Amino acid sequence: MTALSPVLKQATPITVDHGEGCYLHATDGRRYLDFTAGIGVTSTGHCHPRVVEAARAQVGSLIHGQYTTVMHRPLLALTERLGEVLPTGLDSLFFSNSGSEAIEAALRLARQATGRPNVIVFQGGFHGRTVAAATMTTSGTRFSAGFSPLMAGVHVAPFPTAYRYGWSEEQATDFALRELDYLFATQSSPAETAALFVEPVLGEGGYIPGNTRFFQGLRERADRHGILLVFDEIQTGFGRTGKFFGHQHFDVRPDVITIAKGLASGFPLSGIAASKELMAQAWPGSQGGTYGGNAVACAAALATIEVIESEGLVDNAAKRGQQLLTGVRDRATAAIGDVRGLGLMVGAEFVSATGEPDTATAVAAQRLAVDKGLLLLTCGAHMNVVRMIPPLIVSAAQIDDALEIWSAVLAEL
């Protein structure tokens, strides 16, 4: 009898029968409030009627048209529609299937466009599981261990993680920018650095937002040295943080962004956006893929964008995110050292009495929450951060329900 790989560790014991809005219904009939959203993917909730109808209609006319062979209307329409929400100047798109593929495409573009071999990433960042993307990932060794040698040319600079260092945000930012300059002097000359890759909010690294001075410091150095600034918006894009894209909180301009997750409400679709001038510097034949820009996924993405805009989901993410962040902070116990987040990305970091990462308690909290009907996940280098990622459609009442369960979890720990 065949089975799934034994190294696929399940975060919950649930087998799902169906999903609806913010809820998952298990095969045993129990309903769960889903604050995982498929790891930030089901932005419009489970099976939003408009997304379902768009996908159903598209399946009946064209499922797949490989987009370097033929064009199809959903792809062309999505390309045009994204132009209305992308940052000014990012007017050229390449579509793929997964976040890792988008990162690899952005890396390839950066190296080809600049003729430089190196890239700089930031401590705690997650960019994917394929070889290049895993090499660029420092949120945990589990993503890159066991298949060395990894890709050459990747250097790591600090992220301003104030809580980890025990500093103020100002001190952490000073340190991070100073160390980046030191890295330029000691490991990767600016003349050999193609790009800086950074998440607006560290995802797998612990739900840690950056700040305006840090990101503007990256922009200034990129401009000074002719380096590309790439924002990984795979988890933070499409309203998740309370802005359409996460970097928009920080008044900074990217050269490239990578997109995926919430773009198509659960259908596999990702991509990169850059200016036409920059994208044209990719080498001929360097962009492609069998399933990129799939017709059904593009139709779902078009419906997703319409739902996000017509239902005011970006504004809802900002309001409900503040409600969730405040509520989790108000309920924090001595077991929680820090609560942080941006929009509907909220993390609670569990620590011991001496301030050390407390993985066991974080895992126990996550499992207790599941037992009580609330689906959560953990993250961070030590997996000691419990993260909350509800769909963008989440209501004030559903936030209150989740906080009530969370209070009961903390009381029982």
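This is a predicted model: local features need pLDDT of at least 70, side-chain atom pairs count only at pLDDT 80 or more; totals for chains, interfaces and linings use all residues.

**Entry 1: a helix over strands.** I began with helix H13, residues 396-412, which lies across S2, strand S3 (31-34) and S15. I looked up the angle too: H13 runs at about 105 degrees to S3.

Entry 2: Next I wanted the strand order under my pencil. Four strands make an open sheet, ordered S1-S2-S3-S15, and their pairing is mixed. Which strands are at the edges? I noted strand S1 (16-20) and strand S15 (374-375), each of which pairs on one side only. I then checked S1 against strand S2, residues 23-26, and found them paired in the antiparallel sense over four bridges.

**Entry 3: the nonpolar core.** How many residues does the largest nonpolar core have? I got 118, and those with the most contacts inside it are Phe35, Leu82, Phe197, Leu218 and Trp406. Helix H10 (residues 295-310) gives the largest share of this core, nine residues. I also looked at the domains: the core draws at least three residues from domain 1 (16-47 + 312-411) and at least three from domain 2 (51-311). There is a second, separate core of six residues, and I listed Leu24, Tyr32, Val370 and Leu375 among them.

**Entry 4: Phe35.** I picked Phe35 and left aside its neighbours within four places in sequence. The contacts I noted for Phe35 include Leu324, Leu374, Leu375, Leu376, Met388, Ile389 and Pro390. Arg387 and Gln398 are also among the contacts of Phe35, as are Val394, Ile399 and Ala402.

**Entry 5: Asn294.** I found Asn294 in the loop between helix H9 (276-279) and H10. Is Asn294 buried or exposed? Asn294 counts as buried because its relative accessibility is 15%, and the cut-off for buried is under 20%. Not counting residues up to four places away in sequence, Asn294 touches Ile63, His64 and His72. I also took a C-alpha separation: Asn294 and Tyr67 are 227 residues apart along the chain, with their C-alpha atoms separated by 7.9 Å.

Last, I followed the side chain of Asn294. This side chain reaches the backbone nitrogen of Val296 at 2.9 Å. A polar atom of the Asn294 side chain also lies 3.0 Å from the backbone nitrogen of Ala297.

Note on methods
Residues are numbered from 1 along each chain as its sequence is written. Side-chain values use heavy atoms; hydrogens and water are left out. A nonpolar core is a set of buried Ala, Val, Leu, Ile, Met, Phe, Trp, Tyr and Cys residues joined through side-chain atoms within 4.5 Å. Buried means under 20% relative accessible area, exposed over 50%, partly exposed in between (1.4 Å probe, protein chains only). Helices (H or I, at least four residues) and strands (E, at least two) are DSSP runs, numbered from the N terminus. Domain bounds come from an automatic or database domain assignment. Contact means heavy atoms within 4.5 Å. Two strands pair if DSSP finds at least two bridges between them. Axes are lines fitted to C-alpha atoms, for helices over the stretch in contact, and angles run from 0 to 180 degrees between N-to-C directions. A polar contact is a pair of N or O atoms within 3.5 Å; within protein, one must be able to donate a hydrogen and the other to accept it, and residues adjacent in sequence count only if both atoms are side-chain atoms.
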